[in-house]
Amino acid sequence: MKAAAVLDVPELLTTAEVAALLKVNRSTLSRWRSVGAPPGHWLTATIPRYQRDDVIEFLRQASA
């Protein structure tokens, strides 16, 4: 595998990591995710992940 290909993969964050970053409870993040903000990406039916760039964009929009 080429190094450049690995660098193109977006950083994925767990629910716990995003909740800690936003300083909210995981259940709050779950409610927000249900309406699409920040958007979650499901690895399986029970494992959501968040792209770091999506979380940053969510913060930008929320603070505007």
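Student: Why is serine 30 called partly exposed?

Tutor: Buried means under 20% relative accessible area, exposed over 50%, and partly exposed in between (1.4 Å probe, protein chains only). Serine 30 has 29%, so it is partly exposed. This is a predicted model, where local features need pLDDT of at least 70, side-chain atom pairs count only at pLDDT 80 or more, and totals for chains, interfaces and linings use all residues. Residues are numbered from 1 along each chain as its sequence is written, and side-chain values use heavy atoms, leaving out hydrogens and water.

Student: What makes helix 2 and helix 3 roughly perpendicular?

Tutor: Helix 2 (residues 15–22) and helix 3 pack at about 100 degrees, with axes 9 Å apart. Angles of 65 to 115 degrees count as roughly perpendicular, under 35 as roughly parallel, over 145 as roughly antiparallel and the rest as oblique. The two helices are therefore roughly perpendicular.

Student: Why is the pair of tryptophan 32 and phenylalanine 58 called tilted?

Tutor: Rings of Phe, Tyr and Trp (its six-membered ring) pair if their centres lie within 6.5 Å; planes under 30 degrees apart are stacked, over 60 edge-to-face, and the rest tilted. Here the centres are 5.7 Å apart and the planes 45 degrees, so the pair is tilted. Tryptophan 32 lies in helix 3 and phenylalanine 58 in helix 4 (residues 52–63), so the pair ties together parts 26 residues apart in sequence.

Student: How do you know whether phenylalanine 58 is buried or exposed?

Tutor: Its relative accessible area is 17%, so phenylalanine 58 is buried. Tryptophan 32, at 31%, is partly exposed.

Methods:
Axes are lines fitted to C-alpha atoms, for helices over the stretch in contact, and angles run from 0 to 180 degrees between N-to-C directions. Helices (H or I, at least four residues) and strands (E, at least two) are DSSP runs, numbered from the N terminus.
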